Amino acid sequence: MNVAIEQNGIEKVLEGSHVLVATGRTPNTKGLGLELVGVELTDRGCVKVNERLQTTALGIWAIGEVAGSPQFTHISVDDFRVVHANLTGGSRVTTGRQVPYCLFTDPELAHIRLNETAAKTKDIPYRLFKVPMETNLRARTLSETRGFVKALVEAHGDHILGFTAFGVGAGEIMAAVQLAMIAGLPYTALRDTVLTHPTLVEGLIPLFSSAASAHNVADSPATSAA
């Protein structure tokens, strides 16, 4: 089976044996009688909740995909922690939390926070660091050098804005970057850390040691005009 696609103005032909079409999912909230207890739904059919995961009915909470949360198991688990904290005297919200994802394909694809498209859309200036997986010595010993790792760093600072890895162990590599982002560490902390050799996470050293040259700096229109 051949499928013709266009990418960046260039027509390409992809060969394959199957086509997978993802049509999305619909919340299973119909027929539950939620309106009888005052639980409202969103336009998409999800249970309407606030940042504490409280519904529009007193004493009723909702978590996970039915509440419109990102459709990941780890987010549903965190939703439980939010509700549990709020039911036991704490105060926790869903806003502002990191939402990492990983596709366990071969190789894996993992991502956290901003990518280049989102940064440009939001006019957020950034520096791009990117290296092929073959720079990762552990990937070489595994004979799995397909893919790349890349990170977006503040254009005029040192904090990491986003990270993407496409390669062996991508999800594990991302976790180290995610922890650094949560802690507010500069990218230089990962670059200068003595990491065990040879490990996949050690590949962050060549990534953050790669120079972000001038053409890799994207400024917002206002910054560029200045």
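A salt bridge here is a side-chain nitrogen of Lys or Arg within 4 Å of a carboxyl oxygen of Asp or Glu. R81 and D78 meet that rule, with their closest N and O atoms 3.0 Å apart. The model is predicted, so local features need pLDDT of at least 70, side-chain atom pairs count only at pLDDT 80 or more, and totals for chains, interfaces and linings use all residues. Residues are numbered from 1 along each chain as its sequence is written, and side-chain values use heavy atoms, with hydrogens and water left out.

## Salt bridges

The salt-bridge count comes to 11. Side chains of opposite charge can pair when their charged atoms come close.

| Pair | Closest N to O distance |
|---|---|
| R81 and D78 | 3.0 Å |
| R146 and E144 | 3.0 Å |

R81 and D78 both sit in helix α1 (residues 73–87), 3 residues apart, and are therefore separated by about one helical turn. Helices (H or I, at least four residues) and strands (E, at least two) are DSSP runs, numbered from the N terminus. Burial follows relative accessible area: buried is under 20%, exposed is over 50%, and partly exposed lies in between (1.4 Å probe, protein chains only). R81 is partly exposed at 41%. D78 is buried at 9%.

R97 and D78 are both buried.

R146 and E144 form another salt bridge. R146 is partly exposed at 39%. E144 is partly exposed as well, at 28%. Shared partners join D78, D79, R81, R92 and R97 into one network.

## Helix α1

α1 has 15 residues and spans 21 Å from first C-alpha to last, close to the expected 21 Å at 1.5 Å a residue. That expected span is 1.5 Å times one less than the number of residues. Which residues of α1 are buried? They are I75, D78, D79, V82, V83, A85 and N86. These residues lie on the same side of α1, because they cover an arc of only 160° around the axis. The arc is taken over the directions from the helix axis to the C-beta atoms. Exposed residues T73 and L87 are carried on the face turned away from the buried side. G89 follows α1 and has a positive phi, near 95°.

## Pocket and cavity

Both kinds of space are found on a 1 Å grid over the protein atoms alone: a cavity is a set of points where a 1.4 Å probe fits but cannot get out, a pocket is an open set with protein on both sides within 12 Å along at least five of seven lines, and lining residues have an atom within 4 Å of a point. Grid points are joined across faces, edges and corners, and a volume is the space filled by probe spheres set on the points.

The largest pocket holds about 360 Å³. It is lined by 19 residues, and H74, I75, Q98, P100 and Q178 are the closest to its centre. α1, β3 and α4 (170–183) each supply at least two lining residues. α1 gives the most, with 5.

There is 1 cavity of 30 Å³ or more. The largest cavity has a volume of about 50 Å³. Its lining includes V131, M133, V149, I173 and L200.
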